[in-house]
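Please find below a short note for a colleague who is meeting this structure for the first time. The points are numbered for reference.

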Amino acid sequence: MFAEIGQFALILALFVAAAQAVLPMAGAVRGDAALMAFGRSAAELQALLLLTAFAMLMICFGRADFSVALVADHAALDQPLPYRLAATWGSHEGSMLLWVLILALYGAGLARFGDNLRASLQARVLSVQAMISVAFLAFSILTSNPFARLDPAPPDGAELNPLLQDPGLVFHPPLLYLGYVGFSVAFSFAVAALLEGRADAAWARWVRPWVLAAWVPLTCGITLGSFWAYYELGWGGWWFWDPVENASLMPWLLGTALLHSAIVTEKRGSLAGWTILLAILTFSLSLIGTFLVRSGILTSVHAFAVDPTRGVFILAMIVGATGSALALFALRAPQLKSGAMFGAVSREAGLTINNLLLMAVTAVVFLGTFYPVVMEAVGKKISVGPPYYNLVFTPLAVPLLLMVTVGPLLAWKRDSLGVLARKLRLPALLAVVVGGGIAFAAGPVTAAAVVGFTTAFWLILGGVMIFARRWTGAGGFSWRLVRTTPVAVIGMALAHSGLGVTTAGVTAMSCFAASKILVMRPGETTSLGPMSVTLARVHELEGVNYQALAAEFSVREGSRIIHLQSSRRFYPVSRNQTTEAGIGTSLFGNSYIAIGDTQQGPGGDGLVVRIYRHPLAGWIWFGGLLMALGGAASLADRRFRIGAPALRPAASPSAVPAE
Amino acid sequence: MKRLLFLLPVLAFVGLIAIFGVGLTKDPKELPSMLIDKPMPQFALPGIEAGGGFATAALRGQPALVNVFASWCAACPQEHPVLTRIAGEGYPVFGIAWKDQPADARDWLARLGNPYKAIASDLSGRVAIDLGVTGAPETFVTDKAGRVRYKIVGPISPEAWEGEIKPLMDRLRAEA
């Protein structure tokens, strides 16, 4: 019965969305306030219906109702309840339902918190939002129905892939979806602005919090995904340039560009066309990201069930959404009023360069991800791997990162290189000395390490300088300025230095990570760098729904001894194996031990053991969290919640450097 | 001019979609061999019984099939009747017993029959690595010059033999 309620709710949501796609838009065109208001109630109703549908599916999973095909395929009786519930979105159909649910929730959010929006703009945004809903609800109902029944119902189900039975999975997909889907709001705003022919500072001020609301969870989601891969897959890597990883990185890169170009549009009224284009592209890349892997166009370790009929539907949706938005852009954008001019050396110009670099980096990732598809279209099969990205990504990323610290020090409208050079002289020297020093201290010095650490420290210093600049007015340092620091400024400093922390981690991991594979027997000791690892004992473990072989290690580094347990789990229901690496964490790096099969060694049977030393590994994810925290702080800034005045003198120079 | 600039995104997008459209028609799981149109890697292997075995040179002179099999392989018995039929139709089939104890391979063939013109025993799996074998069974089609022309991953079905491989073998026979 729960499944049927869910099914009805899903279908009803489709009808509501269809009405919401048409009526408010018509209202906006004809100036009919009642029709426009309908959009708000429809958006809330749609969210309510989808919440119901999702709750029903979750109940089916919770009750282990194997007469629902999806449950039978992804849950088993001896699976712990939290993972059975998390399996709700662990499958293609379930994750689609989560997708439309989040889409509807953002729509409801627009309806609820968009009171300060121009009514006609809000109505149009809600209509565009509903058009996306209609497409995805139809996709869900017609090609991937989560509530399909199975008759006869099996006594027990097939379990969720054990790799996914992990706390990481519980949060990773919903966070990513919050990000991907969140960019739909920016997309809807962009399309609505093109339809209205108005994209001014007020418009940008409305868009920006929504972009942030998507960017923050996306940042968390990518960070968590990378961390999950690191500890769960058991090979000690944190980023693999897999198509699906790239698919999440591309919207993040463009979303970052969008955040910054929206600032220019908001503060100065310029770059409106560019901001609109970025909004369209960011969401388009999110669509491509969520869906291309399900279409069978690309293969990936993340692949869901591949089905070409779904692929055609998905392609049609991408064509519909992106194609019509870009066509509208070609038609309408040339008429948009462009804002104030700015000098070649100015905050605006700095942000433009940052945008162009982000765009170039995205293009590089895009090319790497889709080049195999292009080549296949002409009959060749190739794959693009890390060497390509190392070669092309890094040279673009370094100038981009260097610019991050420069940008906030530039004045709006016009600045001079001389002034800038004076401001940057000391920090640059400091960064080179500290960065080079770290690289020298860390080991065999390479150009990559020096550049990496210098860039990292430069970024962290950039965060500090934002505060220093904010806190010293014409009369020097003042507590009043410290107390009145806008949260958004703290957010920017956090995000920029977070990027530096991540850069430091990436540099250390790329230049100084060490590993060793060997066969060990209990009692044996081996060393890797300053680490000395002893295999204490090997024993069997019994989990809730798995059996495991566990190995206890003691790791000594200097005077510090830690005990690590590394295990290999076997899940009998799905006949899958997973590795649980033993990871010893510290501020300066991790020791990481994974075990493999039993193998004959020189002195009898032993365990294959892989030992890694990962300097600063944790910094990669900690930096990601800092960036997300920065975004969240920026989102909390109360200036966003105050409606922008309808007529804002676009060229008023701000007395205090606000961002 | 400015209008053209704004048209650029949508034009690029149309091109991209065309490529995706083509990509959708392809099977992402298909794995082409790196060896296509390259000479078969050199090897000289012993047989599964004394005096057997063959070297790469034996493949020259006529188009042939080189079938990688093993007694432990689950799909090989399914493919076996097709190989017997192919050999019966007069096309030479060479076998490589992959990581298989010669005694096991002999028992297996004694039970099912031996369609192979010659069998090489790749006990260490070294040659299979050179051939880029991903699993058993796998079959290579070589031409008169001993070059690899086609590779079949998994068991050969009667339909695949009739529809693709046999016509290819006939074409290769007709080649100079």
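1. Basis of the note. This is a predicted model, in which local features need pLDDT of at least 70 and side-chain atom pairs count only at pLDDT 80 or more, while totals for chains, interfaces and linings use all residues. Residues are numbered from 1 along each chain as its sequence is written, and chains are lettered from A and ligands numbered from 1 in the order in which they are written.

2. Elements of chain B. Chain B contains 5 helices and 7 strands; helices (H or I, at least four residues) and strands (E, at least two) are DSSP runs numbered from the N terminus. Their sequence order is α-β-β-β-α-β-α-β-α-β-β-α. With a radius of gyration of 21 Å, well over the 16 Å given by the globule rule for 176 residues, chain B is more spread out than a compact globule. The radius is taken over C-alpha atoms, and the rule is 2.2 Å times the number of residues to the power 0.38. The C-alpha trace spans about 80 × 35 × 30 Å along its principal axes.

3. Of the 176 residues, 34% are buried. A residue is buried if 20 or more other C-beta atoms lie within 10 Å of its own, exposed if 12 or fewer, and partly exposed in between, with C-beta atoms placed from the backbone. Among contacts (C-beta atoms within 7 Å) with a separation of 6 or more, 76% link residues 24 or more positions apart.

4. The sheet in chain A. Five strands form an open, antiparallel sheet in the order β4-β5-β6-β7-β8; strands pair if DSSP finds at least two bridges between them. The edge strands of chain A are β4 (525-528) and β8 (576-580), each pairing on one side only. From one strand to the next, the twist averages 25°, an angle between lines fitted to C-alpha atoms, on a scale from 0 to 180 degrees between N-to-C directions. Strand β7 (residues 560-571) of chain A is joined to β8(A) by 5 bridges, and A:S567 stands opposite A:E580.

5. Helix α3 of chain B. Which residues of α3 (residues 102-112) of chain B are buried? They are B:A105, B:R106 and B:W108. These buried residues fall within an arc of 165° seen down the helix axis, so they line one face of α3(B); the arc is that of the directions from the axis to the C-beta atoms. They pack against β4 (93-98) and β5 (118-122) of chain B. The face turned away carries the exposed residues B:A103, B:D107, B:A110 and B:R111. Just after α3(B), B:G113 has a positive phi of about 100°.

Technical notes. Contact = placed C-beta atoms within 7 Å.
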